[in-house]
Amino acid sequence: MKRSNKKVLAAVPANGRPAKTKSKKAATAVPPSRFYGTPLPGVKPEELSGTLIVIEGTDGSGRSTQIYLLTEWLESQGFAVQTMGLRRSYLVGEDIDALLAENAVTPMTLALMYSTDFFDQLERRILPALRSGLVVLADRYIFTLIARAAVRGIARDYLHGIYEIALRPDLTFWLNVRPEVAFDREFKKSQTISYWESGRDMSLSNDLFQSFIRYQSMIKREFEYLSKRHGFLELDGESSVSRVNQVLRTRIASHLGIRSTQYKPSHALSHLWR
Amino acid sequence: MVTSTPDISPTADPAPAKQPATKRAYPGALVVVEGIDGSGKSTQLYLLKRWLEIGGYRTHFTEWNSSPLVKSATRRGKQRRLLTPTTFSLLHAADFADRCERQIMPLLHGGYLVLADRYIYTAFARDGARGCSPHWLRNLYSFAPAPDITFYFRAPLDVAVNRILAGRPKLKYYEAGMDLGISLDRSESFRIFQERILNNYDQMVETDHFVLMDGTVRVNKLQKLMRQIVGEKISLQQFAPKKK
């Protein structure tokens with residue numbers, strides 16, 4: 001698989017917007033590192049031949065749908081795909097579920113449990129996949145974890161410090177949707193709105209809708225900041241599934257050196273194609 | 001909480017390693033003991049605790065790695081040997097954060113004398129010996145309140161290691177530092193691991209204002225000294241039982 005000139009690719013406009021390049025200083029002074037800071041203990045960056053692609057966005061932004069479709073498309077193109085997401089680690093995934101169910105956990109503890117969950121997946125699943133040259137599709141990454149903890153009062157610098165040993169994605173897409181649209185989609189999906197998705201632990205409002213909107217707006221502001229800091233490729237998450245998928249495929253194809261971006265979902269996934 | 005740094009990357013302008021916050025915004029006090037296994041620190045802290053309890057002082061004892069919240073994860077990770085230096089460190093940090101947010105901070109604000117058997121320096125020494133970056137570790141624990149006194153119990157490596165080996169039928173995998181792959185022999189691995197930890201502690205004596213305690217001194221004599229230092233550095237009167 002080709003890991004061709006990242007600097008040039010980073011300047012390609014996505015969705016009609018000029019792409020925000022990563023720190024210019026870093027691009028000219030030192031070759032772009034695969035890690036933000038000191039690599040994880042025991043990891044050799046040069047061994048990682050695979051590609052890490054991150055899809056970020058709030059609940060209801062369509063991330064999971066896009067990941068199903070991209071997986072099928074990449075596999076049809078002959079690329080092996082590994083996925084990751086939050087609370088999926090063997091080590092603490094279930095423990096976090098239990099903590100969330102109890103509502104007794106405090107912000108710092110929760111933030112650190114999430115970081116444990118993240119690094120367990122990164123070290124034991126994702127790095128081996130990248131060493132084997134796979135394409136990793138991450139359904140959320142450190143950015144959601146930073147945003148959620150930051151709106152709960154934990155210093156952004158502190159959070160960036162924890163994640164500076166994490167792997168820097170090759171591409172980070174942000175599916176941006178308005179909180180009102182996210183509310184409609186989430187409500188349609190489960191006929192209710194969850195405690196944590198609406199930030200009920202933050203006592204923003206007793207009204208679930210108000211609480212959801214205010215919480216998701218705070219998260220969105222964090223993402224706007226993170227987007228500038230980390231050069232996200234921002235997409236309009238409110239346009240159709242097929243349109244968003246087209247933009248994602250185009251960008252990923254150029255990164256991986258895939259010529260054709262033609263794709264029609266198989267029968268199994270056709271219900272997602274709206 | 002606002003920052004304008006353009007990237008996480010420390011290549012441009014590395015921030016200095018963070019020290020624990022020194023500002024005391026609470027009436028309580030924090031006394032911690034540190035040192036390698038077998039240095040005698042737990043015995044001494046227990047005796048200090050008994051002295052304060054018997055005197056009726058408002059005091060609370062807290063232990064490293066004891067939060068029920070992350071217990072199952074730690075157990076699972078250790079049993080199946082899933083822990084890397086990073087996840088080992090983060091799991092202990094989560095454990096500490098839980099005790100810090102739900103016990104230590106509320107008690108310090110409530111005017112208690114908090115006694116801690118091991119504190120953040122254990123993480124700096126032990127996780128550092130596992131290969132975590134000191135800078136990363138300092139940031140990770142930067143939310144911890146700075147102790148009023150940090151007693152560092154120092155015993156020669158042989159003395160400490162022999163105390164542990166004599167009393168334990170079998171050393172546990174992580175306890176012996178087997179994850180580091182230093183030696184296939186557990187006792188040998190333990191010894192080398194403890195030596196690295198000891199060196200890391202020694203390097204913090206000045207920077208973190210440790211009060212050095214000689215772990216080979218007789219127990220009652222050492223306890224007398226410990227009580228004397230606590231009496232000098234902390235105004236114990238404020239924790240004494242209130243007379244009506």
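Over which residues of chain B does pLDDT stay under 50? The stretch is residues 9-16 of chain B, where the model still has nine contacts beyond four places in sequence; pLDDT is the predictor's confidence in each residue, from 0 to 100, and two residues are in contact if their C-beta atoms, placed from the backbone, lie within 7 Å.

This is a predicted model, in which local features need pLDDT of at least 70, side-chain atom pairs count only at pLDDT 80 or more, and totals for chains, interfaces and linings use all residues. Residues are numbered from 1 along each chain as its sequence is written, while chains are lettered from A and ligands numbered from 1 in the order in which they are written.

**View 1. Confidence along chain B.** Chain B averages a pLDDT of 90, and 90% of its residues score at least 70. Over residues 1-6 of chain B the pLDDT is below 50, and this stretch has seven contacts in the model beyond near neighbours in sequence. Where pLDDT is low, the predicted coordinates should not be read in detail. For the complex, the predictor gives an ipTM of 0.85 and a pTM of 0.86.

**View 2. The open sheet of chain B.** Five strands line up in the order β2-β3-β1-β4-β5 (chain B), with parallel pairing. Strands here are DSSP E runs of at least two residues, helices are H or I runs of at least four, and both are numbered from the N terminus; two strands pair if DSSP finds at least two bridges between them. At the edges are β2 (59-63) and β5 (210-214) of chain B, each pairing on one side only. From one strand to the next, the twist averages 20°. Look between β1 (residues 29-34) and β3 (residues 113-117) of chain B for five bridges joining these parallel strands; Ala29(B) stands opposite Leu113(B) in β3(B). Helix α1 (residues 41-54) of chain B lies across β1, β2, β3 and β4 (149-154) of chain B, running at about 160° to β3(B) (axes are lines fitted to C-alpha atoms, for helices over the stretch in contact, and angles run from 0 to 180 degrees between N-to-C directions).

**View 3. Around Met226(B).** Met226(B) lies in helix α8 (residues 219-233) of chain B. Why is Met226(B) buried? Because 22 other C-beta atoms lie within 10 Å; a residue is buried at 20 or more such atoms, exposed at 12 or fewer, and partly exposed in between, with C-beta atoms placed from the backbone. Leaving aside neighbours within four places in sequence, Met226(B) is in contact with Gln44(B), Leu48(B), Phe151(B) and Met213(B).

View 4. Ala73(B), Thr74(B) and Gly77(B) are buried in α2(B). They cover an arc of only 100° around the axis, so they sit on the same side of α2(B); the arc is that of the directions from the helix axis to the C-beta atoms. The buried residues pack against α4 (93-102) of chain A together with α3 of chain B. On the face turned away from the buried side, you will find the exposed residues Arg75(B) and Gln79(B). Arg81(B), which follows α2(B), has a positive phi, near 55°.

**View 5. Where chain B touches chain A.** The contact takes 36 residues from chain B and 39 residues from chain A. On the chain B side, the elements giving two or more residues are α2 (71-79), α3 (85-109) and α5 (134-140). The largest share, 11 residues, comes from α3(B).
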